Amino acid sequence: MKGAVVVLCLTLVAVWGCQPPDCDRPDCGTCGNACCSLMFHFDGITSMAAYNKIMMSLKNGGADGRYMYVGGEDLRKYNISASFILQGVHTTLVHHYNDTLNFALMDNMKPSIAPAGTKLHAFSISQIAGAYCDDGQNYKNLVGFVKGLDMKYTEETVSGCPMKK
């Protein structure tokens with residue numbers, strides 16, 4: 001009986017969980033719910049060019065066709081660290097759960113008078129109440145989206161979605 005329960009649980013995780021690739025960074029409750037916060041660095045592109053590329057990708061459904069553009073704003077007139085913000089939603093393949101995506105773009109100034117690239121602070125959180133663990137879906141939402149932009153990048157974890165040790 002115990003064996004049947006274990007097999008059932010493993011089958012449900014395989015069917016309901018994150019669909020590979022990029023499901024190797026699960027989060028359990030970092031933000032109360034499951035979430036992931038990453039920083040991407042793009043060399044040789046301004047925040048405005050990156051903003052336009054991200055906005056168009058969201059409006060066109062992203063690489064998997066399940067991303068949606070919610071809104072965005074040019075923040076440069078406020079003279080704060082972020083130049084642009086955007087929000088989107090990703091719908092998962094299985095069960096069609098929605099996760100909220102937030103993006104903040106900052107010019108990486110080197111030297112301090114000319115942009116040498118752009119930093120993208122990207123955040124994904126499960127919308128379903130009680131989604132304490134995500135089986136790696138929030139990480140997949142972000143890294144899958146950025147890979148679909150077809151821009152060379154480096155990535156660092158800000159919080160949540162830890163690397164497996």
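## Salt bridges and ring contacts in a predicted model

The count of salt bridges comes to four, in a structure that is a predicted model. Side chains of opposite charge can pair when their charged atoms come close.

One of these bridges joins the side chains of Lys-147 and Asp-22, at 3.0 Å from N to O. Because Lys-147 belongs to helix H3 while Asp-22 lies in the loop between helix H1 (2-16) and strand S1 (35-43), the pair ties together parts that are 125 residues apart in sequence. Lys-147 is partly exposed, with a relative accessible area of 43%, whereas Asp-22 is buried at 19%, a value that falls under the 20% cut-off for burial.

Another bridge is formed by Glu-155 and Arg-25, whose closest N and O atoms are 3.4 Å apart. Here too distant parts of the chain are linked, with Glu-155 in strand S6 (residues 154-160) and Arg-25 in the loop between H1 and S1, 130 residues apart. Glu-155 counts as partly exposed at 29% relative accessibility, while Arg-25 counts as buried at 5%.

A further bridge pairs Arg-76 with Asp-74, and the closest N and O atoms of this pair are 2.6 Å apart. Arg-76 is partly exposed at 41% relative accessibility, and Asp-74 is likewise partly exposed, at 27%.

Turning to the rings, the count of aromatic pairs comes to four, and two of them are set out below.

| Ring pair | Centre distance | Plane angle | Class |
|---|---|---|---|
| Tyr-51 and Phe-84 | 4.6 Å | 20° | stacked |
| Phe-103 and Phe-145 | 5.4 Å | 35° | tilted |

The planes of Tyr-51 and Phe-84 stand at 20°, so the pair is stacked. This pair links distant parts of the chain, since Tyr-51 is in helix H2 (residues 47-59) and Phe-84 in strand S3 (residues 84-91), 33 residues apart. Tyr-51 is buried, with a relative accessible area of 10%, and Phe-84 is buried with a value of 2%.

For Phe-103 and Phe-145 the planes stand at 35°, so the pair is tilted. Phe-103 is buried at a relative accessible area of 2%, and Phe-145 counts as buried at 1%. Ring pairs also bring Tyr-67 into a cluster with Phe-103 and Phe-145.

Finally, a charge meets a ring where the charged end of Lys-59 sits over the ring of Tyr-69, 4.9 Å from its centre.

Definitions and conventions:
Residues are numbered from 1 along each chain as its sequence is written. This is a predicted model: local features need pLDDT of at least 70, side-chain atom pairs count only at pLDDT 80 or more; totals for chains, interfaces and linings use all residues. Side-chain values use heavy atoms; hydrogens and water are left out. Rings of Phe, Tyr and Trp (its six-membered ring) pair if their centres lie within 6.5 Å; planes under 30 degrees apart count as stacked, over 60 as edge-to-face and the rest as tilted. Helices (H or I, at least four residues) and strands (E, at least two) are DSSP runs, numbered from the N terminus. Buried means under 20% relative accessible area, exposed over 50%, partly exposed in between (1.4 Å probe, protein chains only). A charge sits over a ring if NZ of Lys or CZ of Arg is within 6 Å of the ring centre and within 35 degrees of the ring normal.
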